[in-house]
Every structure is written in C-alpha cells, then in structure tokens.
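Q: I would like to learn how the features of a structure are read, one after another. Could we go through them with a case in view?

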Amino acid sequence: MTVDQLDELIRKYLSTGVAMVLVLVGPAAAPSGAAAPQAATTSAHSTGAPPTNSRSPSRQYPGARADPAAGPHGSDDAAQPGRSEETGGGDPTANPAEHSGKSRSEPGSDAATAGSTTDPRAKPAADPTEQHDPADKNRSRDTRSADDGPTAAAAHGWGTPDREDDFTEDLSGWGVYDGPGHADKGTRSPAAASVADGVLTLNGDAEGNTAGMAWGNGKGQKYGRWEGRVRAPASDPTYNALLLLWPDAEDFPEGGEIDFMEMTDHTRQSTEVFLHHGEDNAQEHGTVKIDATRWHNWAVEWTPKGVTTYVDGEQWWHTDKAEALPPGPMHLCIQLDWFPQDRDGAVRPSQMQVDWVRQYPLDAPSSDESVMRDLVQRTFGW
C-alpha cells in the first residue's frame with residue numbers, strides 16, 4: 001500500500017467519525033524470537049516412466065469420479081521458517097492404485113519421519129478414540145471462530161471469498177461420495193460424513209467405511225485460493241486425511257490434482273503436499289512438520305505462475321514449474337481415505353474434522369477491513 005493510498009484510507013475512516021492512529025515503526029519487524037521470512041526454493045523431480053497399471057474409479061457421487069488421492073509421488077520441497085521439512089523420492093514403476101507404495105512413505109512408517117526435526121510446537125499425538133482438546137469439544141462455532149488463528153487470506157490480502165461454508169447447516173452444497181472406496185477397497189458412505197455444532201466430521205471405521213465430498217458438486221474455478229481449518233486426531237495407519245483440488249473435467253491425470261494437505265503420517269505430526277501432472281502422473285512433493293491433531297488453517301494459492309501452500313498464514317511450499325500446473329478449472333474436495341494393509345490386529349476407527357472452508361477468486365478485491373488488517377500485521381507483526 002502506498003503512502004497516498006494509506007492517507008486516503010485514513011481520511012475515509014475519519015470522515016465517518018472513526019478516529020484512528022497508526023504508529024509506523026519502519027519495515028515490518030518479526031516478533032521477538034521469530035525467524036525472518038525466507039524465499040521458497042524448489043527442487044522438482046518427476047517419476048519418469050508412466051505407471052504400469054491403469055487406475056480404476058474408486059469413489060462415486062452423482063457423476064462417478066476416480067479417487068484423486070491415489071498415485072506415486074516424487075518430490076519438490078520448499079523450506080520456511082518455524083517448520084522442518086523433508087524430501088520424498090518417487091518410484092517410477094509404482095502402481096498408482098497402491099497409494100502406500102515405495103513412491104511415498106507408508107503412513108506411520110519410520111521412513112515417513114526419518115531425518116526430520118520435530119516442530120518444537122508439536123504436542124504428543126492423541127489417541128484416535130479421544131478428542132484431542134476436550135475443552136473444545138462442546139464449544140460453539142461462534143466462540144471458536146474468535147480463536148481461529150492466523151489465515152493466509154488475512155496475511156496476504158486475499159479479500160472476500162466467493163464461496164464459503166462454516167458447516168452450520170447441511171451438506172447440500174457438496175457432492176458426497178457414495179460407492180466403492182479407493183481401489184475398490186472399503187466403501188464411500190454418505191453416513192460417514194456428519195455436521196454438528198458447526199463442525200464437519202468424516203469418520204472411518206474398522207471395515208473401511210469412510211467419507212469424501214466434492215464442493216459445488218464438482219464445479220470450481222481456474223486459478224484462485226482455497227483455505228480450510230482442519231484437525232485430525234492420531235489415526236489408524238490405514239487412514240489418510242486430505243484437502244485437495246480435483247479437475248472439474250474429471251480428466252485425471254492430465255487434468256492434474258493438488259493435494260495441498262495430505263496426512264499420511266498416522267501420528268499426524270507431519271503433513272504433505274502432492275502436485276500431480278501430465279499423462280504419466282508425475283508429481284511434485286513437499287512435507288511440513290506440524291502437530292495436525294490441533295486446529296490449523298491449510299491453504300493453497302494457484303496462479304498462472306505457480307502453486308503455493310500455506311499453514312496458519314505462513315508459506316511452506318512452492319513450485320513455479322510451468323509443466324506441472326493444472327490446465328483447467330478445479331474444485332475443493334475433502335476426503336478421509338482408507339488404504340488397507342496386511343497386518344495383525346483390527347483397524348482402529350479414525351476421523352478428521354473441518355471447521356470451515358473458503359474459496360477466493362484470484363482477482364478478489366480487498367475490503368477495507370482486510371487491507372487494514374494486512375497493514376497492521378505487516379507493520380507490527382501482530
């Protein structure tokens with residue numbers, strides 16, 4: 001914001017009888033003890049050869065669609081202050097239907113966290129059968145919204161959303177999956193998704209009955225920003241929690257896929273991003289260490305120049321690889337995916353919860369409120 005724009009904004013507020021005083025203390029200083037911002041770096045790798053087996057549709061809602069969470073993964077990491085990340089390798093021969101194959105660390109395996117430093121803010125993982133924060137369980141959405149924490153939308157001036165859902169009503173705005181689960185294992189059941197007290201809950205049981213849903217019944221936008229507030233208690237190793245963008249044209253893999261929040265670590269202490277692209281289903285990848293059993297705000301920004309992911313307003317991954325960018329409109333999906341394993345013992349019930357989701361057009365005009373909030377945050381670091 002220029003000095004002239006600031007002066008005009010201040011005069012606008014003064015003309016309405018609102019007195020306002022801003023003390024400018026120079027360039028935005030980071031709060032005491034906080035790391036200075038750093039530019040994201042990219043080291044992209046693709047899986048090379050195309051997968052040996054075709055992928056079969058594994059999730060249905062009216063207008064049957066393939067499961068967007070399957071596929072081998074390569075790596076593309078970007079470091080940001082306050083979080084520790086790792087790079088994953090891709091297996092060019094992996095079957096895309098085998099989501100937990102060598103091309104990405106099996107949920108809960110030692111490989112999923114090897115060589116990483118745990119986020120100092122991380123807390124011990126919760127038992128998936130218990131609420132992580134009992135005090136929050138019965139709080140109303142209005143009370144909880146005051147403690148939403150920092151968002152990418154506020155931090156980066158995304159303006160007013162053109163679509164939002166705070167889950168205070170029903171799921172009529174969503175295409176809820178109803179049919180076979182991933183790779184025809186388990187079932188996508190509408191009964192596994194429920195709304196109560198302003199929170200969406202997706203449940204997965206011991207038989208692989210779980211849930212997924214597409215916003216706008218599969219109609220989205222080309223380019224834009226999406227953000228959602230999510231938490232996922234520590235789970236069974238067979239359940240992954242996701243926020244993702246899926247092509248409106250249902251033309252995966254050529255149409256791309258952006259898994260901007262994928263929790264393959266069943267302790268929920270690390271979260272990944274996977275950007276699928278091209279007819280051979282190549283991928284870019286990154287990982288962030290954070291305690292996802294607590295509420296966090298996960299966001300993605302997709303522009304003609306690249307894809308960037310954020311958590312609680314901070315960038316943690318970016319790629320500007322032109323050939324990796326999706327070619328057409330995409331929409332948000334929420335999924336709790338089941339990937340059965342050969343092992344002893346029963347599968348433990350697992351879940352993920354979503355407080356709200358928002359979609360922003362790329363050229364959304366900033367409101368006066370968001371401009372002022374952004375100015376204060378950048379100036380004082382509040």
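Q: Which residue in β18 does Gly228 stand opposite?
A: Gly228 stands opposite Val357 in β18. Before we go on, note that this is a predicted model, in which local features need pLDDT of at least 70 and side-chain atom pairs count only at pLDDT 80 or more, while totals for chains, interfaces and linings use all residues. Residues are numbered from 1 along each chain as its sequence is written, and side-chain values use heavy atoms, with hydrogens and water left out.

Q: How many bridges does β9 share with β18, and how many with β14?
A: Strands of a sheet pair through backbone hydrogen bonds, either parallel or antiparallel. Strands here are DSSP runs of E with at least two residues, helices are runs of H or I with at least four, and both are numbered from the N terminus; two strands pair if DSSP finds at least two bridges between them. β9 pairs with β18 (residues 350-360) over seven bridges in the antiparallel sense, and with β14 (residues 296-303) it also has seven antiparallel bridges.

Q: Which side chains point each way from β9?
A: In a regular strand the side chains alternate between the two faces of the sheet. From β9, Gly224, Trp226, Gly228 and Val230 point one way, and Arg225, Glu227, Arg229 and Arg231 point the other way. Buried means under 20% relative accessible area, exposed means over 50%, and partly exposed lies in between, with a 1.4 Å probe and protein chains only. Eight of the eight residues of β9 (residues 224-231) are buried, so the strand is largely enclosed by the rest of the structure.

Q: In what order do the seven strands of the open sheet lie?
A: The order is β2-β8-β17-β10-β11-β12-β13, with antiparallel pairing. The edge strands are β2 (174-176) and β13, each of which pairs on one side only. Within this sheet, eight bridges join β12 to β13, and Thr271 stands opposite Val288 in β13.

Q: Where is Asn281 found, and is Asn281 buried or exposed?
A: Asn281 is found in the loop between β12 (270-277) and β13 (282-289), and Asn281 counts as buried because its relative accessibility is 3%. A polar contact, meaning a pair of N or O atoms within 3.5 Å (within protein, one must be able to donate a hydrogen and the other to accept it, and residues adjacent in sequence count only if both atoms are side-chain atoms), joins the side chains of Asn281 and His276 at 2.9 Å. The C-alpha atoms of Asn281 and Gly256 are separated by 8.1 Å, although these residues are 25 apart along the chain.

Q: How many aromatic pairs does the count give?
A: The count comes to nine aromatic pairs, where rings of Phe, Tyr and Trp (its six-membered ring) pair if their centres lie within 6.5 Å, and planes under 30 degrees apart count as stacked, over 60 as edge-to-face and the rest as tilted. Trp246 and Phe252 form a stacked pair, at 5.2 Å centre to centre and with 20° between the planes. The rings of Trp298 and Trp316 have centres 6.3 Å apart and planes at 85°, so this pair is edge-to-face. That pair links distant parts of the chain, with Trp298 in β14 and Trp316 in β16 (residues 314-319), 18 residues apart. Trp298 is buried at 0% relative accessibility, and Trp316 is buried with a relative accessible area of 0%.
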